[in-house]
Amino acid sequence: MFCYHCQEAKKNLVCDKTGICGKKENVSSLQDMLMFSLKGLAFYCHQAEEFNLVSDKTNRFMAKALFSMVTNVNFSATEFVGLIDEAVRRRNSIRSQFLTAYQQKNQQEFNLTLAEEATWQYEAIDEQAYTDKGAEVGVEKDNESLDPDIHALQETLLYAVKGLGSLAVHNLEMNIESAEQYHFMYQALSFVLNKSNTLDEVLALVTHSGELGLAAMTLLEKANSKKFGAPVATTVHLDTLENPGILVSGHDLQDIEDLLEQTAGTGVDVYTHGEALSAHAYPAFKKYFNLVANYGGAWQAQKTEFPKFNGPILVTTNSIQMPKKTYQEKLFSTGMVAWPDVTHIADRKPGQRKDFSQIIELAQKSEMPTALTEGSYVTGYGLNALTKQVTNIAEAIKADKIKRIIVLAGTDGRHKERKYYTELAEALPENTLIITAGDVKYRLLKHDFGEIDGIPRLLDAGQSNDFSVIINFLQQLQQSLEVTELSALPVSFNIAWYEQKTILMMLSLFALGYKNMRVGPTLPPFFTPAILDLLAEKYGLKGIDTVENDIEAMLTGN
Ligand code: SF4
């Protein structure tokens, strides 16, 4: 096993026996085998695009398969066996169509030296055989045959593509698709099969992936706002009521709507957990009086918080951890999320809602949640709400009432070093604004940051997917202040990275040419020292230091 694609890699190096996330060695190998198979599929899809041969079904399959490998999404060996089989079958099918089309057009056979990924065939659908093959073709294989710096950047590209897959699936749930996104997945996955790529070529694609990440987030924000209304600043309760409840986590607003629609009037309340907190800000959900509060903290608190909830828990898009026996029977997954022996709610049929009836029945027999927290928190500074603040914030900057905007976005996690984010936010001077997105917000939840001339000092734009909202807001601020570059604004980015979507946050800043960002609590383990030097020089990428040093540096634009 060799996995280092999230911030929790063992000792910030690599998970080599079992994942800190709970991923077992066999599942890790199956994921490597799936990536190997997808590269082969992508190779032929990329070739076949010229002939318009790639079907919508293959595009969607590619996105879902990539999403399945994002950290904390899917831990089911059975699922991965099915995905590998489908990848190879789809590759074989598109290969034969492509070869025929190529022959007809060029009057000669397609003749290119092919990587093993494009030719490998299985003898039978066999979990053990796939696992054994996966152990041979994982991250380490390329590590042996490539320049380490190129390997490091190509791995970054693969993680970005997984993040793009997850965003593409979120968009698909909203009936939005982007041909450009699918094209890039094929381009990037087939690109890494070429052993003669240069560092400049890889860096160009990595940077482009950031552009596409931002575009995918923007599409999603628009789709969510169109369907559920533009988020409005909303006070979310953090306490509990007396009814039994269902706890929902993840990002999927359509799942949340389906759940609210089916629980309305049943005597069952709905609570959010983790990044689902931002659902409270959408106007479409305000008519559901049983969407009562947010329960507990960020995703990594689930093992202690889920048992206390007493009722069933639905995990929609990611962040599932190995469940404890105390709540496993009450845990449900849906979409691409899966854990062995956790009940999975099937996809919705066309034109219908997902069927959550068994969760609701279980909730009706459950005790009310045990109170964990109290008080409230304000979220909902989505695009509309932030846009309304542009003029005020620009005026406050001109009047020197706001000295700096600190973008503290990203994901929370288990590392105790993440207390840095709480300490940093609390120590920032009162003439700074903090804008957040993602569940790093849980590090800031308990503090009252006050206001500057009526502008809340803490503005929560929503989920990590809403990072594009922050960028859009800053671009409006740029115009208002007549500043030519994002880097010239009094803004500092401090990204709490965890998994592949937060990697996209960092890459989107590369794409925007923003120089001078901090990434923490540790730097990604897949970057080599030379790549870190390169990114420091080109994009001002740096790790975090002490709270005092970082505040001093950020306030002076460093
Ligand atoms: S996803 Fe993260 S925690 Fe899980 S095995 Fe990989 S590096 Fe380790």
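Q: In β3, what is the bridge partner of Leu-247?
A: Tyr-271 is the bridge partner of Leu-247 there. Strands here are DSSP runs of E, at least two residues long, and helices are runs of H or I, at least four long, numbered from the N terminus.

Q: What kind of model is this, and how are residues numbered?
A: The model is predicted: local features need pLDDT of at least 70, side-chain atom pairs count only at pLDDT 80 or more, and totals for chains, interfaces and linings use all residues. Numbering starts from 1 along each chain as its sequence is written.

Q: Back to β2 and β3. How many bridges join them?
A: There are 5 bridges between β2 and β3, and the two strands run parallel. Strands pair if DSSP finds at least two bridges between them.

Q: Where is Tyr-271, and is it buried or exposed?
A: Tyr-271 sits in strand β3. It counts as buried because it has 26 C-beta neighbours inside 10 Å. The cut-offs, with C-beta atoms placed from the backbone, are 20 or more others within 10 Å for buried, 12 or fewer for exposed, and partly exposed in between.

Q: What does Tyr-271 touch?
A: Leaving out residues up to four places away in sequence, Tyr-271 touches Gly-245, Leu-247, Val-292, Ala-293, Asn-294, Tyr-295 and Pro-369. Contact means C-beta atoms, placed from the backbone, within 7 Å.

Q: How far apart are Tyr-271 and Ser-249?
A: In sequence, 22 residues separate them. In space, C-alpha to C-alpha, they are 8.8 Å apart.

Q: Why is β2 called largely enclosed?
A: Because 5 of the 5 residues of β2 are buried. Gly-245, Leu-247 and Ser-249 point one way, while Ile-246 and Val-248 point the other way.

Q: What pairs with β2 besides β3? How about β5?
A: Strand β2 (residues 245-249) also pairs with β5 (residues 313-315), in the parallel sense, over 3 bridges. Leu-247 stands opposite Ile-313 in β5.

Q: What order do the strands take in that sheet?
A: The order is β4-β3-β2-β5-β6-β7, an open sheet of 6 strands with parallel pairing. The edge strands are β4 (291-294) and β7 (343-345), each pairing on one side only. From one strand to the next, the twist averages 30 degrees.

Q: Which strands does helix α10 lie across?
A: Helix α10 (residues 253-263) lies across β2, β3, β4, β5 and β6, and runs at about 170 degrees to β2. Such angles run from 0 to 180 degrees between N-to-C directions, with axes fitted to C-alpha atoms, for helices over the stretch in contact.

Q: New topic. What is the strand order in the open sheet with β14 and β15?
A: This open sheet of 6 strands, with parallel pairing, has the order β13-β10-β9-β14-β15-β16. Its edges are β13 (458-460) and β16 (541-542). Helix α18 (residues 500-511) lies across β9, β14 and β15, at about 155 degrees to β14.

Q: How do β14 and β15 pair?
A: They pair in the parallel sense over 4 bridges. Ala-496 has Gly-520 as its bridge partner in β15.

Q: Which way do the residues of β15 point?
A: Met-517 and Val-519 point one way, Arg-518 and Gly-520 the other, and all are buried.

Q: What is the phi of Lys-11?
A: Lys-11 has a positive phi of about 55 degrees, although it is not a glycine. Most residues other than glycine have a negative phi. Lys-11 is in the segment before α1. It is exposed because it has 10 other C-beta atoms within 10 Å.

Q: And the phi of Asn-12?
A: Asn-12 has a positive phi near 55 degrees. Asn-12 is partly exposed, with 15 other C-beta atoms within 10 Å.

Q: Last one. Which members of the largest nonpolar core touch the most others?
A: Leu-34, Leu-38, Ile-84, Leu-157, Met-185, Ile-470 and Met-506 do, out of 168 residues. Helix α1 (residues 25-48) gives the largest share, 13 residues. A nonpolar core is a set of buried Ala, Val, Leu, Ile, Met, Phe, Trp, Tyr and Cys residues joined through C-beta atoms within 7 Å.

Terms used:
Two residues are in contact if their C-beta atoms, placed from the backbone, lie within 7 Å.
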